[in-house]
Amino acid sequence: MATAATAVYVHAPFCARRCFYCDFAVKVGRIGDLPGWLDALEAELRQVAVDPLLNLAPRLETLYVGGGTPSLLGPEAMAGLAGLLGVERLSDPGLEWTAEANPESFTPEVARAWAEAGVNRVSLGTQTFHAPALRWMGRLHGPDGTLRAVREARAAGITNLSVDLIFGLPEHLGRDWRDDLERALALDVPHVSLYGLTVEEATPLGRRVREGRERAVDEGRYEEEFLLAADMLTGAGYEHYEVSNFAWPGRASRHNSIYWSGAPYLGLGNGAHSYAPPVRRWNLKEWDDYSRVMRHGGSAEAERERLGEDALRLERIWLDLRTTRGVDVTVLPPSARVLTDRWRAEGLAVEEAGRVTLSRRGWLLLDRLALDLDHASG
């Protein structure tokens, strides 16, 4: 019997420009292909309806439309998506419906139409308020773009807002990270997500680093900026509930929390991932491939994997360590307890009520610590 997913991610791949550092599944163009997007999703939903592994629950708890730039699809996009998913499926009064937007394409018309369709949470791709850094990244909005977008969202009745900020930018840009954080705090939004700059091989940034025309991220600067952000945001009343995420009490992202819990979720659209434990699968990455296959009745799925016992254990450890939920140490073998005791002695973790949670400095070493604990637990 298929698992019924109550959490759904929908990918909107369209971007007006690919950012300098971006390695996501995006399709560059001046505007998004709304008719093509809806047609492709409708075809995939027909496949999902008869999928023996994973399909849609009668009512959703969370719906997340990410990208790409969903706001590039215009005002009618979310109403169109709601029509495909069905009114009853979106009728839960507690539904968290998030849509991502870039400030330059989040117009008053988009804000009003999205709110009318049922969107009640918007995540804004701010990245920075520093004009030279925005130009370097290839962003199309200016330093004041996010402030305008926040005003438009609130005017439309959407008050559950999140902003994304990126840290670890090259020093030569002259970006003042403290100033960025202060400007983000001045927005008074319930949620802030942090992303450290990473150098992906296939991106323009990756090529510049290989050619010696740009320097890789300095680890010391990366750590310093992460810790400064954690201090300032928690000092302002935000809870640091996951390695990269901060929220007012009660305003954590419910959709992303489902990912971190290991619960099932369904992904629709090119490049989207789905999970029905212990099986993970993912769709064709490129929009052109995905949309062509959908037009001709083929399968959206690119590949899948069944996680074995060892892989499931490592993933569970990694997911638990990245949140304030932490790891249940009462079930760990003695060799693993020796390790977590050492973490506490080194200031990398704290223990409370039988669970070990990483400190901020521990979170900076998350991947390594998860592997160490997995090895000690195996």
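All views come from a predicted model.

View 1. Helix 1 covers residues 34-49. Gly36 is one of the buried residues of helix 1. Others among them are Leu34, Trp37, Leu38, Glu44 and Val48.

**View 2. Trp37 sits in the largest nonpolar core.** This core has 90 residues. Trp37, Trp97 and Trp343 touch the most other members. Helix 1 supplies the largest share of the core, eight residues. Beyond four places in sequence, Trp37 touches residues including Val10, His11, Phe14, Leu73, Leu81 and Trp287. A second, separate core has 15 residues, among them Phe20, Tyr21, Met137 and Leu169.

**View 3. His11 is buried in the model.** His11 belongs to strand 2, residues 7-12. Its relative accessible area is 6%, and under 20% counts as buried, so His11 is buried. A polar atom of the His11 side chain lies 2.7 Å from the backbone oxygen of Ala25. Leaving aside neighbours within four places in sequence, His11 also contacts Trp37, Gly66, Gly67, Gly68, Leu268, Gly269 and Asn270.

**View 4. Tyr9 and Tyr64 form a stacked aromatic pair.** A search of the whole structure finds eleven aromatic pairs. In the pair of Tyr9 and Tyr64, the rings are 6.1 Å apart centre to centre, with 25° between the planes. The pair links distant parts of the chain. Tyr9 is in strand 2 and Tyr64 is in strand 6 (residues 62-67), 55 residues apart. Both Tyr9 and Tyr64 are buried.

**View 5. Trp287 and Tyr290 form a tilted pair.** The ring centres lie 5.9 Å apart. The planes meet at 45°, so the pair is tilted. Trp287 and Tyr290 are three residues apart in helix 10 (residues 287-295), so about one helical turn separates them. Trp287 is buried, at 6% relative accessible area. Tyr290 is buried too, at 1%.

**View 6. Two peptide bonds are cis: Gly67 to Gly68, and Pro277 to Pro278.** Most peptide bonds are trans. For Gly67 and Gly68, omega is about 15°. Gly68 lies in the loop between strand 6 and helix 2 (77-85). For Pro277 and Pro278, omega is about 5°. Pro278 lies in the loop between strand 14 (273-276) and strand 15 (279-283).

**View 7. Gln127 and Asp188 have positive phi values.** Most residues other than glycine have a negative phi. Gln127 has a phi of about 75°. Gln127 lies in strand 8, residues 121-127, and is buried at 9% relative accessibility. For Asp188, phi is near 60°. Asp188 is in the loop between helix 6 (177-186) and strand 10 (191-196). Asp188 counts as partly exposed, at 46% relative accessibility.

Technical notes: Residues numbered from 1 in each chain as written. Predicted model: local features only at pLDDT ≥ 70, side-chain atom pairs only at ≥ 80, totals over all residues. Heavy atoms only, no water. Core = buried A, V, L, I, M, F, W, Y, C linked by side-chain atoms within 4.5 Å. Buried < 20%, exposed > 50% of the residue type's maximum accessible area, 1.4 Å probe, protein only. Helix = DSSP H or I, 4+ residues; strand = E, 2+ residues; numbered from the N terminus. Contact = heavy atoms within 4.5 Å. Polar contact = N/O pair within 3.5 Å; in protein donor to acceptor, adjacent residues only side chain to side chain. Phe/Tyr/Trp six-rings, centres within 6.5 Å; stacked < 30°, edge-to-face > 60°.
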